[in-house]
Amino acid sequence: MPGLLSSHVCLTVVWFLSWLLHPGCAQIWTNEVSGVQFGRLDSNVTLACGKAKIRIPVVWHLNHSSALPWHKVTLNGTLILLHPNLSAQGNYSCYDNRGNLLHSVKLRLGYPPGQLNVSCQVPNHMRVRCSWVESVKTFLPATYNASWSVKGQDGRPCVLDVARKHCDVDDLAFWQTTHTLRITETNALGSETTEKWLNLHTLLKPNPPESVSVNKIEGFPKRLNVSWRFPSSWPTHNAFPLLFHIRYRPQGSVYWSEVYSEDITTVVIYDALAGHLHQVQVRARDGINSDSQWSEWSRLLLVQPWQAYPTTDPAEDIPDFFTFSTKPETTTAIPPDNDPNVEDNMGLVILLVLFSVVILTTILSLIFVVWVKQRRHDQVTKQELKSMVKMKSMPI
């Protein structure tokens, strides 16, 4: 009995060892990868077969398949992929001639980083935001490092948002003329540093004015009230004034009329075309730095001035001479805040001028008539004198 028990134990051990060494069992481990190897696209990539011995034939599999991209295998079992493309990525495993797994590795393909295309926005005197776009699509995960420096000063970090691919710098030394941004991109195949020199004075570009509104003024068919707010990103406007540019035109016209306002957030338009819809927009620029850029225009607003009789057709009430001019009008200053009766006073002035013209014309006409009568009278007197002279010269 002890001998029989011993033989059973030996058989069990032999069966267990043969099960471990069975080729089918080796396939269970092909999903386990010993590491990740990176290679460059369109260049030869070499994969070593770990424990393979020289002149011992090996078999390579890609993702459990014996179908491999264009390749060759060396005497020591090394796999060389010839100019692989992205389809050659995956889990590579090599086996000996008995099907035993010798080595496995995950292959990732891509390119090393290239120069970045960097652009920067300066919405105010206190902040810069720089974003970038890769000039080379690497197909590989990358890390970024960014720093900001001014001539004669140590560099400082540019706060990164890798997901959105931008970085921010606050509390700038804005009075300095030249600033330098350095961004380094690194992946498994290498790294590349991009430097950009910036002149903040020329890059300064406020955000568009906010809460822009245009309202009609009751009782005035040619006026519009335009109001807005400073951009929320702009610092205290007492220290950094803004210049505002307002443009407007009747809908359908190709020419804009313009008004400028410095540090004031409301303007009255005095020459709107009665009975017509008007398009109105506002933009802003630094009020001191003439080298800065104008903001984008605010969204286009449509509004029609107040009408005394909104139920009638405006086209029937407006004479032909009120059609808008084809020439642009530009105003460089805001009209003063006049008395509400300005238009009535202007009408009275026009009537007085017309009346004066009529009076002057009448006086000139009377003078002309008197002159004509006097001339005729002089001619008659001369003829009478000539007749008397002739009569005296005749013999009696």
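Which cysteine does a disulfide join to C158? The partner is C167, with an S to S distance of 2.1 Å. In this predicted model, the structure holds 3 disulfides, and a nonpolar surface patch is made by residues that include F355.

**Disulfide pairing**
- When the bonded cysteines of the chain are numbered in sequence order, the pairing runs 1-2, 3-4, 5-6.

**C49 and C94**
- C49 and C94 form a disulfide in which the sulfur atoms lie 1.9 Å apart, and with 95° about the S-S bond this link is right-handed.
- The pair links distant parts of the chain, 45 residues apart, since C49 sits in the loop between β2 (45-47) and β3 (59-62) while C94 belongs to strand β6 (residues 90-95).
- C49 counts as buried because its relative accessibility is 3%, and C94 is likewise buried, with a relative accessible area of 0%.

**C120 and C130**
- The sulfur atoms of C120 and C130 are 2.0 Å apart and form a disulfide, which is right-handed because the torsion about its S-S bond is about 110°.
- C120 lies in strand β8 (residues 116-124) and C130 in strand β9 (residues 127-134), so this pair ties together parts that are 10 residues apart in sequence.
- Both C120 and C130 are buried.

**C158 and C167**
- The torsion about the S-S bond of C158 and C167 is about 90°, so this disulfide is right-handed, and both of its cysteines, C158 and C167, are buried.

**Nonpolar surface patch**
- F355, I359, L360, I363, L364 and I367 make a nonpolar surface patch of about 600 Å².
- F355 is found in helix α5 (residues 342-393), and F355 counts as exposed because its relative accessibility is 54%.

Definitions and conventions. Residues numbered from 1 in each chain as written. Predicted model: local features only at pLDDT ≥ 70, side-chain atom pairs only at ≥ 80, totals over all residues. Heavy atoms only, no water. Patch = residues over 30% accessible without salt bridge, like charges linked within 9 Å, V, L, I, M, F, W, Y side chains within 5 Å. Areas by Shrake-Rupley, 256 points an atom, 1.4 Å probe, with all protein chains shown as cover. Salt bridge = Lys/Arg side-chain N within 4 Å of Asp/Glu carboxyl O. Helix = DSSP H or I, 4+ residues; strand = E, 2+ residues; numbered from the N terminus. Buried < 20%, exposed > 50% of the residue type's maximum accessible area, 1.4 Å probe, protein only. Disulfide = S-S within 2.5 Å.
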